[in-house]
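Subject: Structure for you to look through

Dear colleague,

Here is the structure that I promised to hand over, with some notes on what was found in it. Please keep it open beside this message as you read.

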Amino acid sequence: MPGSGAAGMARILKRETHSSRAVVSVMAAALVIVVCGYALLETAVRAFGQPPWLIDPQTAAERAVALPAGIPPLLLGVSGAVVAMSGLFFFLNAVLPGRRARHLLADRRAGVVVDDEVIAAALARRARLAANVTQGQVMVIVSRNRVEVNVRPTSGVPLRPEAVLEAVRRELQDMGPSPMPEVRIRVATSGVVGA
């Protein structure tokens, strides 16, 4: 069966961790179809000797060659910015990797894909237990290469950042996400009263 085995599993895992560019491709194709269809319509109308619907193709070509003459600078700047932003949007969608907020977990029998939010919740629980604080005092942000643990200590209760960092690193090592993110911890300077 095609796509089975290790190569098929790798392709499935890549599809689950990378976003599809199908929507952007369809948008680009639809834009090209609309522009070409309109140009074909105006050319056909001109060939039959009828007046143009919006603008005559010959007049449009002459105005494009004569740019920026006859167009207010503000309109020219706005239309240029719109064209540049749409071009940048399509360019970045083409060249950037398009990774989803997911990590792979090691398993010999199956491919395991976990959302970063699930990893963040597990690490926040571990950090909360190690710091001996409440749920609202710990916030964890997981990205592809980094885990940021933000802890607000309880006022008057000492907090050992090294112990929290070590607990979060151990939990992350036990999970074994791929790629393995680097762990950073931030302890807030102001504490929470009476938790």
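Helices (H or I, at least four residues) and strands (E, at least two) are DSSP runs, numbered from the N terminus, and the expected span of a helix is 1.5 Å times one less than its number of residues. This is a predicted model, in which local features need pLDDT of at least 70 and side-chain atom pairs count only at pLDDT 80 or more, while totals for chains, interfaces and linings use all residues. Residues are numbered from 1 along each chain as its sequence is written, and side-chain values use heavy atoms, with hydrogens and water left out.

Helix H6 (residues 161–175) has 15 residues and reaches 21 Å from its first C-alpha to its last, close to the 21 Å expected. Buried means under 20% relative accessible area, exposed over 50% and partly exposed in between (1.4 Å probe, protein chains only). Among the buried residues of H6 are Val164, Leu165, Val168 and Leu172. Seen down the axis of H6, its buried residues fall within an arc of 165° (taken from the directions from the helix axis to the C-beta atoms), so they line one face of the helix. Glu162, Gln173 and Asp174, on the other side of H6, are exposed.

Some backbone details also deserve a look. Most residues other than glycine have a negative phi, and most peptide bonds are trans. The bond from leucine 67 to proline 68 is cis, with omega near 5°, and proline 68 is found in the loop between helix H3 (57–65) and helix H4 (73–95). The bond from serine 178 to proline 179 is also cis, with omega near -5°, and proline 179 lies in the loop between strand E5 (177–178) and strand E6 (182–187). Asparagine 132 has a positive phi of about 60° although it is not a glycine; asparagine 132 sits in the loop between helix H5 (116–131) and strand E3 (138–142), and is exposed, with a relative accessible area of 64%.

Last come the aromatic rings. Rings of Phe, Tyr and Trp (its six-membered ring) pair if their centres lie within 6.5 Å, and planes under 30 degrees apart count as stacked, over 60 as edge-to-face and the rest as tilted. By this rule the count comes to one aromatic pair. The rings of phenylalanine 89 and phenylalanine 90 have their centres 5.3 Å apart and their planes at 70°, so the pair is edge-to-face. Phenylalanine 89 is partly exposed, at 37% relative accessibility, and phenylalanine 90 is partly exposed at 24%.
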